[in-house]
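Opening the notebook on a new model. I want to look up the charged pairs and then the sheet.

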Amino acid sequence: AAVTAEKERLSALVNSITDEVWFADTEKCFRIINPSALQEFRLANDTGVDVETLAAGLEVYRPDGSIRPVEDAPPLRALRGEVVRNEEEIIRTPASGEFRFRRVSASPVRDADGAIIGAVSVVRDVTERKEAEEALKQQSAKLEAANKDLDSFAYSVSHDLRAPLRAIDGFSKMLLKKTGSRLNR
């Protein structure tokens with residue numbers, strides 16, 4: 001009864017997470033897939049999905065634009081004992097066909113003796129944040145360009161006004177000398 005209750009609590013926890021959660025066993029099969037991942041990848045069930053087959057059917061890129069090879073998929077790396085933390089990838093998702101920016105973390109799951117018995121992966125979609133950062137960069141570039149234009153305009157105006165102001169200053173000094181010399185007499 002205690003094991004069943006614990007299993008139900010864990011299931012409720014995993015299913016309530018809005019990030020994608022995947023658990024693969026040592027046979028390279030996803031045995032637990034939460035609803036967020038099922039929806040994103042249009043999968044009908046949450047068990048028995050082959051990791052390599054799924055990875056091979058996806059269009060996944062690294063941040064530098066190079067294609068990520070199937071063997072570099074984070075769940076497969078975790079099954080080999082590697083811990084993957086917040087690795088960026090760009091993927092064309094089956095659900096929307098759009099490119100999405102994602103951060104993937106994956107870790108091996110070990111038994112009491114330290115042997116790998118599976119791998120858990122958590123995927124967070126960061127597309128909106130990336131788009132906001134890009135919009136901010138573009139806005140910043142526009143403001144910088146406008147600031148340069150304003151600086152250039154101010155310099156131009158000061159340069160254009162310098163000659164007439166010098167002439168006025170010179171004439172003012174001449175007038176003061178002439179009128180000042182008359183006033184002193």
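**Salt bridges and strands**

I started with R31, which is partly exposed at 33% relative accessible area. My cut-offs: buried is under 20% relative accessible area, exposed is over 50%, and partly exposed is in between, with a 1.4 Å probe and protein chains only as cover. This is a predicted model, so I keep in mind that local features need pLDDT of at least 70, side-chain atom pairs count only at pLDDT 80 or more, and totals for chains, interfaces and linings use all residues. Residues are numbered from 1 along each chain as its sequence is written, and side-chain values use heavy atoms, with hydrogens and water left out.

What does R31 meet in a salt bridge? The partner is D25, at 2.6 Å from N to O. I count a salt bridge when a side-chain nitrogen of Lys or Arg is within 4 Å of a carboxyl oxygen of Asp or Glu. D25 is buried, at 12% relative accessibility.

I then checked the total: the structure holds 15 salt bridges. R102 and E20 make one of them, with their closest N and O atoms 2.9 Å apart. R102 sits in strand β6 and E20 in strand β1 (residues 20-25), so this pair ties together parts that are 82 residues apart in sequence. Helices (H or I, at least four residues) and strands (E, at least two) are DSSP runs, numbered from the N terminus.

Are R102 and E20 buried or exposed? R102 is buried at 6% relative accessible area, and E20 is buried at 7%.

Next I looked up D72 and R62, whose side chains meet in a salt bridge at 2.5 Å, N to O. Both residues lie in the loop between β4 and α4 (74-79), so the pair ties together parts that are 10 residues apart in sequence. D72 is partly exposed at 23% relative accessible area, and R62 is partly exposed at 31%. I also noted a network: salt bridges with shared partners join E20, R68, E89 and R102.

**The sheet**

In what order do the strands run? I read an open sheet of 7 strands, ordered β3-β2-β1-β7-β6-β5-β4, with antiparallel pairing. β3 (49-50) and β4 (59-61) are at the edges with a single partner strand each, so one side of each has no neighbour in the sheet. Two strands pair if DSSP finds at least two bridges between them.

I walked through the pairs from β4. β4 and β5 pair in the antiparallel sense over 3 bridges, and the bridge partner of E59 is R92 in β5. β5 (residues 84-92) pairs with β6 (residues 99-110) in the antiparallel sense over 7 bridges, with I90 opposite F101 in β6. Their hairpin has 6 residues between the strands, and G97 there takes a positive phi near 75 degrees.

β6 and β7 (residues 116-125) pair in the antiparallel sense over 9 bridges. R102 turned up again here, opposite D125 in β7. The β6 and β7 hairpin has 5 residues between the strands, and G114 in its turn has a positive phi of about 90 degrees.

I168 belongs to helix α5 (residues 127-183) and counts as exposed, at 51% relative accessibility.
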